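Visitor: Could you take me through this structure slowly, and tell me each time what a word rests on?

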Amino acid sequence: GTVAQSALDALPGKRPLMRRTFRPPNFETPVEVFAEAYTPNDAFYVRWHTTVPEVARTDWRLRVAGPGVKKPREFSYDELRRKFRTTEVAAVNQCSGNRRGLFAPHVPGVQWGLGAMGNAVWSGVRLKDVLEDAGLAPGALEVVADGADAPALAGPDFVKSLPMWKALDADTLIAFEMNGEPLPVWNGAPARIVAPGWTATYWIKAVTELTVTDKPFDGFWMKTAYRVPKGMFGASGFDSQDTEQNSPITDIKVNSLIVAPAPGSTLPLGRRAEVMGIAWDGGSGVRKVEVSLDGGATWRAARFGRDLGRYAW
């Protein structure tokens, strides 16, 4: 499962991707795909902690309940799409563990290389509209999202929460489509949470339950996993989940990646070569990218391509 042991393998409906684990399926996008502005659906990375649910749209239901709502609701796929206005956002979906496999020494977890991420246009309804339709109580603190997936063996169900301010952000969606096509099963069909600017651990796939709570959610994947020492990346933006020692991983930090030339490429001596890559962050905005060809002794400014939106690369 280490980066040095990469193997290409194809899931149904996907082109060959780099297999990190087979059960549950965790497959990484090859770096050369990132030369495209939007990562094609069939090349988009796959990340699951549990079994992959296959839920027919006709059978799917989204339930909204909890002590933080006044009027519990339940929607079918068609009802949700019909009742609320459709909107879209371009955003990077990046696993919290992207590049984990490059650590030395190794640390536990899926040994991702550079490709546990992708950039797509997500289309759906605003989570804000759905929550407000159920009526938020004054004490509403977090929105707990659960999906149709279940642990393959005994273990904690993958459930995450969002602070109210993030759940009510106009760009946070319940998405049905990516890049103009229905979500693939591997990427969360029939609907998933899209929390632009935050790592993908909050983008619950095959979402079926939204529970608005009046106290901090203490499930394993919030209380124990996906946490870092407090202040390591500044404020977490999730005050109700902070402790004196640590905070949850939340927003994507500024980052970049050279896509071409690929590592190990041979370039003609004495000819000009183009260096192309991507840069992204949690939505604050990338103002400048510089490139060094001499190990950091000198730097030159890169030229930006088309602006795809604040959450895109």
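This is a predicted model: local features need pLDDT of at least 70, side-chain atom pairs count only at pLDDT 80 or more; totals for chains, interfaces and linings use all residues.

Visitor: What makes β6 and β10 the edges of their sheet?

Guide: The sheet is open and has five strands in the order β6-β5-β14-β9-β10, with mixed pairing. β6 (73-76) and β10 (159-163) each have a single partner strand, so one side of each is left without a neighbour in the sheet. The partner of β6 is β5 (residues 61-65), with which it pairs in the antiparallel sense over four bridges, and there Leu62 stands opposite Phe75.

Visitor: Why is β10 called mostly covered?

Guide: Buried means under 20% relative accessible area, exposed means over 50%, and partly exposed lies in between (1.4 Å probe, protein chains only). Five of the five residues of β10 are buried, with Val159, Ser161 and Pro163 on one side and Lys160 and Leu162 on the other. In a regular strand the side chains alternate between the two faces of the sheet.

Visitor: How do you know that helix α2 packs on this sheet?

Guide: Contact means heavy atoms within 4.5 Å, and α2 (residues 127-134) touches β5, β6, β9 (142-147), β10 and β14 (207-213). The direction of α2 makes about 135° with that of β6, where axes are lines fitted to C-alpha atoms, for helices over the stretch in contact, and angles run from 0 to 180 degrees between N-to-C directions.

Visitor: What makes the buried residues of α2 line one face?

Guide: The residues in question are Leu127, Val130, Leu131, Asp133 and Ala134. Seen down the axis of α2, they fall within an arc of 155°, so they line one face of the helix; the arc is that of the directions from the helix axis to the C-beta atoms.

Visitor: Why is Tyr226 called buried, and what is Asn179 called?

Guide: Tyr226 has a relative accessible area of 13%, which is why it is buried, whereas Asn179, with 24%, is partly exposed. Each of them also has a positive phi without being a glycine: the value is about 55° for Tyr226 and near 55° for Asn179. Tyr226 is in the loop between α4 (220-223) and β15 (227-229), and Asn179 in the loop between β11 (173-178) and β12 (181-182).

Visitor: What makes a set of residues a nonpolar core?

Guide: The set must consist of buried Ala, Val, Leu, Ile, Met, Phe, Trp, Tyr and Cys residues joined through side-chain atoms within 4.5 Å. The largest such core has 55 residues, and those with the most contacts inside it are Leu80, Trp122, Ile174, Val207 and Leu210. β11 gives the most to this core, with five residues, and a second, separate core of 14 residues includes Phe34, Leu257, Val259 and Trp313.

Visitor: Why is the pair of Trp122 and Trp203 called edge-to-face?

Guide: Rings of Phe, Tyr and Trp (its six-membered ring) pair if their centres lie within 6.5 Å, and planes under 30 degrees apart count as stacked, over 60 as edge-to-face and the rest as tilted. The rings of Trp122 and Trp203 have their centres 5.3 Å apart and their planes at 75°, so the pair is edge-to-face. The pair links distant parts of the chain, 81 residues apart.

Visitor: What makes Trp198 and Phe238 a tilted pair?

Guide: Their ring centres are 6.1 Å apart and their planes stand at 45°, so the pair is tilted. Trp198 and Phe238 are both buried.

Note on methods
Residues are numbered from 1 along each chain as its sequence is written. Side-chain values use heavy atoms; hydrogens and water are left out. Two strands pair if DSSP finds at least two bridges between them. Helices (H or I, at least four residues) and strands (E, at least two) are DSSP runs, numbered from the N terminus.
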